[in-house]
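Trainee: Could you walk me through this one before I set anything up?
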Amino acid sequence: MQHFKKYKLTSSQFPARFHVLLTFTQQNKTRALHLIAMASEEPQITLYWLEKSRADRVVWLLEELNAPYNVELFRRTAEFLAPPELAKIHPLGKSPIVSVTPPGEDAKPIILAESAFISTYLCDHLPGGQKLVPKKWKDGMEGKFGGETEEWLRYEYLMHYVEGSLMPPLVLIVVFSTVKSGAPFFVRPIVNIIADRVLSSFVIPTLRKHLGYLEQLLSTSAGGYLCGKDLTAADIIISYAVIAFDGRADQVMTFKEGSWRAAYPKLAAYVDRLKENEGYKRSQAKIKEIEGNDKSSKL
Ligand SMILES: N[C@@H](CCC(=O)N[C@@H](CS)C(=O)NCC(=O)O)C(=O)O
């Protein structure tokens, strides 16, 4: 029996968002997508999206830029890991992964991993991508030490900071919570003592430093976003972390002000601002649509 899949393509080439629904067999998929790329003279962008993952950032980025893209859906395993099929796309098997096939008959797909690199590549190439990257040089200061704008310095820093510094303590909180709840009952008391000790002596204090630091960055920003008055790709990259934190902060930490929102009001307002963004809302609708697909692994 043949399995038919539906692919939805959106195109920024048209004044209004334009949707084409195509139905074809799984075997013909690669050839069909390739033909579409050639015919439209657009690159073929595929996002390998893992449920409940950082790949949501890339959905927002692509929606923000009104870019045409396809999604391949991967469900997590019972252990909450990525399924082994993802490692066929990139050896580390982590999401997000994006493949970009340039137009042209002999074009080979370029495989991109790491959220910040994916974002930089897409902003460099997609129409409108540069609106998400601050201007680098102050006028007349091109190429000089200290000639960079404050917005650009923040942007470049944040693109490294999110995965390099902010995500590790957040991931550790998830890991230790899972270890605590998943330990067999006869060792659970000892596991809880060890996990709580690591959390309270290292992870939570580190996270408090980050929260204070982000509050300070927002206090000194020239606008409502982390780099300044405009939304940048760095805000999109950090959104996954701060929005997820908003959802569980008061369960994992205590604050003398009563709640995390009371303790860090500027950061809380920033989280709300991100959620109000039209591109973010579109990405949430798209994620619902992706998640709603059958459990057979691919969209
Ligand atoms: N530094 C990478 C992190 C990628 C990553 O760790 N992704 C997680 C999902 S949030 C993943 O694929 N986890 C599944 C696994 O490791 O099995 C990035 O920024 O893209």
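Mentor: Gladly, and please keep in mind that this is a predicted model. Of the 299 residues in the protein chain, 29% are buried.

Trainee: How many helices and strands are there in the protein chain?
Mentor: The protein chain has nine helices and six strands.

Trainee: And in what order do the four strands of the open sheet come?
Mentor: Reading across the open sheet, the order is E4-E3-E5-E6, with mixed pairing. Strand E4 (70-74) and strand E6 (110-113) each have a single partner strand, so both stand at the edges with one side left without a neighbour in the sheet. From one strand to the next, the twist averages 20°.

Trainee: How do E5 and E6 run, and how many bridges join them?
Mentor: Strand E5, residues 97-101, runs antiparallel to E6, and four bridges join the two. Within that pairing, Ile 97 is found opposite Ala 113 of E6.

Trainee: Which strands does helix H2 lie across?
Mentor: Helix H2, covering residues 55-64, lies across strand E3 (44-50) as well as E5, and its direction makes an angle of about 145° with E3.

Trainee: Switching to the ligand, which residues are around it?
Mentor: The residues around the ligand are Leu 50, Ser 53, Arg 54, Leu 81, Ala 82, Lys 94, Ser 95, Pro 96, Glu 114, Ser 115 and Glu 163. Sorted by class, that shell has four nonpolar, three polar and four charged residues.

Trainee: Last one: what share of the contacts between residues at least 6 apart in sequence join residues at least 24 apart?
Mentor: For the protein chain, that share is 58%.

How values were computed
Residues are numbered from 1 along each chain as its sequence is written. This is a predicted model: local features need pLDDT of at least 70, side-chain atom pairs count only at pLDDT 80 or more; totals for chains, interfaces and linings use all residues. A residue is near a molecule or strand if its C-beta atom, placed from the backbone, lies within 6 Å of it. Ala, Val, Leu, Ile, Met, Phe, Trp, Tyr, Cys and Pro count as nonpolar, Asp, Glu, Lys and Arg as charged, and the others, Gly among them, as polar. A residue is buried if 20 or more other C-beta atoms lie within 10 Å of its own, exposed if 12 or fewer, and partly exposed in between; C-beta atoms are placed from the backbone. Two residues are in contact if their C-beta atoms, placed from the backbone, lie within 7 Å. Two strands pair if DSSP finds at least two bridges between them. Axes are lines fitted to C-alpha atoms, for helices over the stretch in contact, and angles run from 0 to 180 degrees between N-to-C directions.
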